[in-house]
Amino acid sequence: MKKNALLQLHPMTKFYFSLFILAIVLVVPGHLFAFAMFPVLVLVAIFAGVAKEFLNIVLKALLSVLIIVFIMQMFFYPGEHVLWSWKVFSIKQEGLNYGLILTSRILAIGSAFILFFRMTEVRDFVKSLEDKGLPPMGAYVVLSTLQIIPEMKRQANTIMEAQKTRGVETEGSLFIRAKAFIPTLTPLILSSIAGTEERAITLESRAFSAPVKKTSLHKLTKSSADRVLPIMYVIIFVALLVWRVFL
């Protein structure tokens, strides 16, 4: 089976791409360029084979945030050019423009980092940070932080399935689901605490805190593309920065 070239890139190369998107949408003025970055990211996701998961997370995580931010800026951003008003509410041209700029940048930057984590294994990213000089303790903190939400979600699903086998109604209206979720909080918290203790014991049994140089069986390698792409990111960013400053 042929491996996907984008997924095989070094984690830092993909992370630099996310930072590159962040930088250029902040440098280039207006909202059209930032909005145009989203179709580019969708194309990258398609070539990487993660388009379905990427779009699903964007819709669930960003859409509601973008709508709320846009409405808040449209109605409450100060300005003089009123486009529409009703009682205490009014839409101003300045608020509309700023809402478009803010939502376009949130969409581009948020989508870039969502795509990064869909294309990159967490352990590969943490290992690349460790190779860059991050102490093992710091690498463990980053790894635990990135994994805590998915881990708690898996534990919550397991507990909910156990509750369902005991006859507890877990599906239906929002009230029924909320009522079924409350009894899961106590075992979820206790299992998380127990899991933390087990990980601490495991790390100590492997001499994690010993003041010696750590070795790892998990190795990351860089290809020629991993050396060329970061240079291209810098060149494009500098060109856009010069264009913004002088032209």
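These legends go with close-up views of a predicted model.

**View 1. The whole chain, for orientation.** Nine helices and two strands make up the secondary structure, and from the N terminus they run α-α-α-α-β-β-α-α-α-α-α. The chain has 247 residues, 30% of which count as buried. Among contacts with a separation of 6 or more, 66% come from residues 24 or more positions apart.

View 2. Helix H4 (63-76) and strand E1 (82-86) are the elements that give two or more residues to it. Have a look at Leu83, which sits in strand E1: its relative accessible area is 48%, so it counts as partly exposed.

**View 3. Phe15 meets Phe113.** The chain has 11 aromatic pairs, and this one is edge-to-face because the ring planes stand at 65°, with the centres 6.3 Å apart. The pair ties together distant parts of the chain, with Phe15 in helix H1 (residues 11-27) and Phe113 in helix H5 (residues 93-119), 98 residues apart. Phe15 is buried at 19% relative accessible area, while Phe113 comes out as partly exposed at 23%. Both belong to one aromatic cluster that also takes in Phe116, Phe117 and Phe125.

**View 4. Phe17 and Phe20 within helix H1.** These two lie three residues apart in helix H1, about one turn of the helix. Phe20 is buried, with a relative accessible area of 11%.

Note on methods:
Residues numbered from 1 in each chain as written. Predicted model: local features only at pLDDT ≥ 70, side-chain atom pairs only at ≥ 80, totals over all residues. Heavy atoms only, no water. Helix = DSSP H or I, 4+ residues; strand = E, 2+ residues; numbered from the N terminus. Buried < 20%, exposed > 50% of the residue type's maximum accessible area, 1.4 Å probe, protein only. Contact = heavy atoms within 4.5 Å. Phe/Tyr/Trp six-rings, centres within 6.5 Å; stacked < 30°, edge-to-face > 60°.
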